[in-house]
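Work through the exercises below with the structure open beside you. Try each task before you read its solution.

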Amino acid sequence: RDPARPAIGSATVALSATRDAAYRVVATRGDSIYLFTDRDAPRRRLVAFAIGNPGVEHWRDVVPQGADVMDHVEEIDDRFVLRFVRNVQHGVRVYERDGRLLRELPIRPMTTIQDIRADAPGTLVVRAVEGFAPTRRRYDLVSGQ
């Protein structure tokens, strides 16, 4: 309820009874949790579920596993920014909260993305190495420019 005064006495809810996969909470919204996992998805996926129903049978794919390997996901400006790997090359896609692809950013070939962060509302900063040169590029979150 109040992040400054969390209800520490509340019951703990396990996401999994066993260590059968990797799990990372990416975001929360109301009673929904957005989870980045390789559970039943070796190339990873982003799922959502209600905190009261954490069982796998209640999960909903937001960004399902695809042909590319999902490397990292961040929530930025109420969207999901996903770093992926295709043919040993990094790329970046921006998804709406409901999982609709907004765009893929124009990342140059031979680029290794090190970090993606929000710079200002609606702006991403991608820190990378292009060939052997460190770079820092800004992109508009919506237009990709």
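**Exercise 1. Are Phe49 and Trp59 buried or exposed?**

Solution. Phe49 is buried, and Trp59 is buried too. Buried means under 20% relative accessible area, exposed means over 50%, and partly exposed is in between (1.4 Å probe, protein chains only). This is a predicted model: local features need pLDDT of at least 70, side-chain atom pairs count only at pLDDT 80 or more, and totals for chains, interfaces and linings use all residues. Residues are numbered from 1 along each chain as its sequence is written, and side-chain values use heavy atoms, with hydrogens and water left out.

**Exercise 2. How many aromatic pairs are there, and which geometry does each named pair have?**

Solution.
- Step 1: apply the rule. Rings of Phe, Tyr and Trp (its six-membered ring) pair if their centres lie within 6.5 Å; planes under 30 degrees apart count as stacked, over 60 as edge-to-face and the rest as tilted.
- Step 2: count. The rule gives three aromatic pairs.
- Step 3: take Tyr34 and Phe80. Their ring centres are 5.1 Å apart and their planes meet at 45°, so the pair is tilted. Tyr34 is in strand β2 and Phe80 in strand β6, 46 residues apart, so this pair links distant parts of the chain. Strands are DSSP runs (E, at least two residues), numbered from the N terminus. Tyr34 and Phe80 are both buried.
- Step 4: take Phe49 and Trp59. This pair is stacked, with 6.0 Å centre to centre and 20° between the planes. Phe49 lies in strand β3 and Trp59 in the loop between β3 and β4, so the pair ties together parts 10 residues apart in sequence.
- Step 5: look for a cluster. Tyr23, Phe49 and Trp59 form one.

**Exercise 3. Which charged residues sit over the rings of Phe84 and Tyr34?**

Solution. The test: NZ of Lys or CZ of Arg must be within 6 Å of the ring centre and within 35 degrees of the ring normal. Over Phe84 sits the charged end of Arg93, 3.8 Å from the ring centre. Over the face of Tyr34 lies Arg97, at 4.9 Å from the ring centre.

**Exercise 4. Which strands pair with β6?**

Solution.
- Step 1: know the rule. Two strands pair if DSSP finds at least two bridges between them.
- Step 2: look at β5. It pairs with β6 in the antiparallel sense over seven bridges. Val73 has Leu82 of β6 as its bridge partner. The two strands form a hairpin with two residues between them, and Asp77 in the turn has a positive phi of about 50°.
- Step 3: look at β7 (residues 89–95). It is also antiparallel to β6, over seven bridges. Phe80 has Tyr95 of β7 as its bridge partner. Here too there is a hairpin with two residues between the strands; Asn87 in the turn has a positive phi of about 50°.
- Step 4: check the cover. Six of the eight residues of β6 are buried.

**Exercise 5. Which residues have the most contacts inside the largest nonpolar core?**

Solution. A nonpolar core is a set of buried Ala, Val, Leu, Ile, Met, Phe, Trp, Tyr and Cys residues joined through side-chain atoms within 4.5 Å. The largest has 14 residues, and Leu46 and Phe80 have the most contacts inside it. β6 gives the most to this core, with three residues. Another core, of 13 residues, lies apart from it; Leu124 and Tyr139 are among them.

Note on methods
Helix = DSSP H or I, 4+ residues; strand = E, 2+ residues; numbered from the N terminus.
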